[in-house]
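Q: Please take a close look at the site around the ligand and describe how the protein holds its surroundings together there.

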Amino acid sequence: MKYAGLVLANLGRNKLRSLFTAGAIALAVLLVCLLMTMPAGLDRLISDLGSNTRISVHNKAGLVYSMPQSFTRKVRQLDGVLAAVSMTWFGGAYEEEGKVTFPNFAVEAEHVGSVYPDYVFTPGAVEDFVRHRDGAIVGRKIMRQYGWKVGDRITLRSTVWPANLDLRIVGEIADDNAPMLWINRTYLDETLKAAGRGGLGIAGIIWVRVDRPERVGTLMSEIDEMSRNSESPTASETEKSFISNFFGSLKGFVTIILIVTALVSLCIVFIAANTASMAVRERSGEIAVMKAMGFGRRAIFGTLLAEATLLSSFAGALGVAGAIALTRALKTVATLGPTLGPLGNFTVTNDVVTAGLALSLVVGLLSGLVPALGAARKPVVDALREVF
Amino acid sequence: MAPLRGVRYPLRMPPADPFPGPPPSAPEEATLIDIRHVSRRYRRGVDEVHALEDVSLRISPGRFVAFMGPSGSGKSTLMNLVSGLDRPSEGEVVVAGQSLGDLDEDELAAWRARHVGLIFQFFNLIPVLDARDNVALPLLLTELGKAERHRRAETALRVVGLDHRLDHRPNTLSGGEQQRVAIARAIVTDPDLIVADEPTGDLDAKNAEATLGLLRELTDAFGKTIVMVTHDPRALRFVDEVFHLDKGLLLEGSDAERASEAIRLAAGGHASAGARP
Ligand SMILES: Nc1ncnc2c1ncn2[C@@H]1O[C@H](COP(=O)(O)OP(=O)(O)OP(=O)(O)O)[C@@H](O)[C@H]1O
Ligand SMILES: [Mg+2]
């Protein structure tokens with residue numbers, strides 16, 4: 001502790017250099033903190049999107065394979081299942097021939113409302129959807145994109161089925177996160193039968209709403225167990241993990257974030273080590289004299305290491321504070337408009353603060369280690385000879 | 001020059017021995033430094049450099065002695081051995097009853113802190129510390145508190161006549177003043193032995209004389225033993241004894257007298273070695 005004055009005085013010796021190094025470390029720690037908020041932030045984003053009582057059931061072989069529609073009815077009868085609806089890819093193209101510009105599914109009109117009680121529809125939409133065979137419910141994003149209004153008539157040409165359906169828009173899903181279009185399963189089924197195709201016997205995905213979140217796990221295994229020995233065994237997932245699968249490989253993204261974080265950390269170790277070794281070199285005369293006076297290896301090593309560690313810890317604290325300020329600012333921005341909403345998901349948690357400070361401490365120790373060790377270990381006569 | 005003879009030298013005041021550990025066994029004997037058949041060789045690639053060959057000498061306490069000789073004659077090497085900065089390849093160095101060969105590097109460092117004050121040609125003060133903190137630096141190795149460290153540093157600066165420059169950083173002091181701060185730093189721990197390697201080498205004539213005078217005063221007023229390496233013929237007027245080195249050998253008898261004579265001639269006959277007994 002009595003060396004504190006010496007350590008501080010030495011830090012202030014080349015103020016500009018200390019400042020630049022501190023700035024580089026602070027910025028890097030800030031960056032690392034922001035990067036570390038991302039995996040958690042993405043997770044939260046997905047939690048917001050997914051409800052925790054909805055399960056998706058699909059063919060174990062993959063999303064492009066289907067299940068028999070009869071399986072939907074079996075699932076519906078399970079204890080704890082409030083509602084279930086099957087969704088089958090219609091693959092309808094609008095205007096442009098053969099090109100699907102938005103996801104559209106054939107759904108069971110009478111069940112869809114009870115599986116998605118959390119969705120906001122225009123008034124009477126679900127009732128009209130059940131009543132009108134040719135009704136369609138459309139996500140708001142698509143409505144806007146094509147300038148449609150409730151009551152408009154459109155035609156979708158399927159790229160999968162031999163069916164071109166004339167549809168009447170009966171309602172809108174007032175949610176930007178639901179960019180899809182639903183058509184009535186019965187309508188498609190009857191059209192196919194009329195074309196001599198024997199009807200729509202399959203289900204693409206079955207969405208199941210469970211009565212209580214803690215039942216989700218058991219019901220998922222119950223459903224998969226039920227289909228295990230059938231021709232199309234299923235895999236159930238919570239909506240959350242289904243969406244993250246759908247959003248591409250989130251895990252890969254997180255790995256990239258972690259790699260970038262590690263590289264940035266390594267980078268600041270080098271920056272700080274450079275400063276530490278320059279500081280030691282320009283002071284080799286004084287260090288030699290201090291050793292000659294009787295300052296032992298431990299005192300020399302300790303003061304030099306303390307100097308590097310103090311600088312980078314101070315800079316690290318600044319960086320962490322900067323990251324907190326920045327995410328706070330993003331949260332404020334996020335309240336300004338619904339499309340900015342996701343920005344509010346990134347929070348510098350206590351864990352991130354701890355990690356940021358620990359990182360800067362480690363950076364200081366690592367960067368100071370080699371120069372301090374070199375200075376401490378050099379025999380005093382050699383050190384003196386180099387100077388005089 | 002500060003009127004030192006009247007100044008009470010208050011450095012060795014309670015706590016009498018501020019260093020941690022057992023007190024030194026400072027024997028009041030007639031020999032402070034005893035160099036016995038010391039050689040020092042350096043490896044330089046495949047060659048061996050004989051920096052010192054079989055040197056023996058004794059220095060009594062309270063004496064101001066100089067090591068003189070041509071460049072490369074081994075003066076600094078000998079001084080490094082005397083001050084415990086280096087260890088001999090052969091022979092024994094005993095200072096204040098302590099055989100330095102028995103100590104490992106860390107013990108040697110602790111021994112230096114307690115017994116030796118060092119002065120260098122380039123004063124090597126720490127530029128970011130003011131005069132007082134520079135002088136107080138060696139006291140960090142003691143158990144003294146900050147106030148006491150400062151008090152002792154101020155006393156040492158008073159001894160060298162710089163107590164009006166306490167808050168000055170080295171770059172605001174003249175060369176002579178910096179060297180006096182360095183001398184204050186060397187005496188602040190009240191060491192038995194002060195060693196100085198070319199203390200006047202970087203000073204003009206006036207400051208060189210003042211520095212030599214100050215070192216003389218330290219011996220006369222406080223009984224300090226001083227070993228100085230120098231080229232400076234002026235030194236002959238101030239020291240008690242000169243040891244002449246040449247090519248790693250200590251000159252004795254008529255060789256030594258001839259060397260002294262040569263230096264006196266080089267100085268234009270102004271210097272008078274042996275003026276002091
Ligand atoms: N660490 C070392 N490695 C190799 N040779 C050394 C080393 N230290 C000293 N020497 C050699 O030992 C000899 C004596 O060196 P020393 O420094 O004692 O001379 P000096 O009398 O102090 O000279 P100067 O007046 O130039 O300072 C020289 O030849 C020098 O080159
Ligand atoms: Mg020398």
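A: In this predicted model, an oxygen atom of ligand 1 lies 2.5 Å from an N or O atom in the side chain of Thr77(B), a polar contact being a pair of N or O atoms within 3.5 Å. A polar side-chain atom of Ser71(B) is 2.5 Å from an oxygen atom of ligand 1, and for the side chain of Arg44(B) the distance from an N or O atom to a ligand oxygen is 2.9 Å. Of the 630 Å² of accessible area that ligand 1 has on its own, the protein covers 76% (Shrake-Rupley method, 1.4 Å probe).

The surrounding shell comprises 14 residues, the closest being Arg385(A), Ser71(B), Lys75(B), Ser76(B) and Thr77(B); a residue is near if one of its heavy atoms lies within 4 Å. Because these residues come from chains A and B, the site is shared between chains. By class, the shell divides into 4 nonpolar, 7 polar and 3 charged residues, where Asp, Glu, Lys and Arg count as charged, Ala, Val, Leu, Ile, Met, Phe, Trp, Tyr, Cys and Pro as nonpolar, and the others, Gly among them, as polar. H1(B) gives the largest share, 3 residues (helices have at least four residues in DSSP runs of H or I, numbered from the N terminus).

Residues are numbered from 1 along each chain as written, with chains lettered from A and ligands numbered from 1 in written order. Local features need pLDDT of at least 70 and side-chain atom pairs 80 or more, whereas totals for chains, interfaces and linings use all residues, and side-chain values use heavy atoms, without hydrogens and water.

Methods
Polar contact = N/O pair within 3.5 Å; in protein donor to acceptor, adjacent residues only side chain to side chain. Helix = DSSP H or I, 4+ residues; strand = E, 2+ residues; numbered from the N terminus.
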